[in-house]
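Subject: A structure to look at

Hello,

Here is the structure I promised to pass on. Have a look at it first, and then read my notes below.

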Amino acid sequence: LKGADWSGNPLTDFIISLHFSIITFATLGYGNIYPSGTAAYLLTAFETLLGFLFLGLLIAVVVRRLMWD
């Protein structure tokens, strides 16, 4: 990841990585942190698609419950 302030502290680096993962999963956009390298781009693309899948499943479950109740 580029644009992040990597301190070398494992806790801080974990929090930065978690933030990037949540932003990617929620498809909100990156802002100042963005992937670098082919593997990172592929991983973030996969994670974004996974976010779309979970959102679609959530909507399907809610609609199904509303239709049958």
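The expected span is 1.5 Å times one less than the number of residues in the helix. Helices here are DSSP runs (H or I, at least four residues), strands are E runs of at least two, and both are numbered from the N terminus.

Before going further, please note that this is a predicted model, in which local features need pLDDT of at least 70 and side-chain atom pairs count only at pLDDT 80 or more, while totals for chains, interfaces and linings use all residues. Residues are numbered from 1 along each chain as its sequence is written, and side-chain values use heavy atoms, with hydrogens and water left out.

The protein chain has two helices and zero strands. The other helix, α1, covers residues 10-25; its 16 residues should span 22 Å, and the 22 Å between its end C-alpha atoms agrees with that.

Which residues of α1 are buried? They are Asp 13, Ile 16, Phe 20, Ile 23 and Thr 24. Buried means under 20% relative accessible area, exposed over 50%, and partly exposed in between (1.4 Å probe, protein chains only). Seen down the axis of α1, the buried residues fall within an arc of 105°, so they line one face of the helix. That arc is taken from the directions from the helix axis to the C-beta atoms. The face turned away from the buried side of α1 carries Pro 10, Leu 11 and Phe 14, which are exposed.

What do the buried residues of α1 pack against? The answer is α2, residues 38-68. In turn, α1 is among the elements that cover the buried residues of α2, namely Thr 44, Glu 47, Thr 48 and Gly 51.

Leaving aside residues up to four places away in sequence, Glu 47 touches Ser 21, Thr 24 and Phe 25, where a contact means heavy atoms within 4.5 Å. Ala 45, also in α2, is partly exposed at 39% relative accessibility.

Finally, for the chain as a whole, buried residues make up 17% of the 69 residues.

Best wishes
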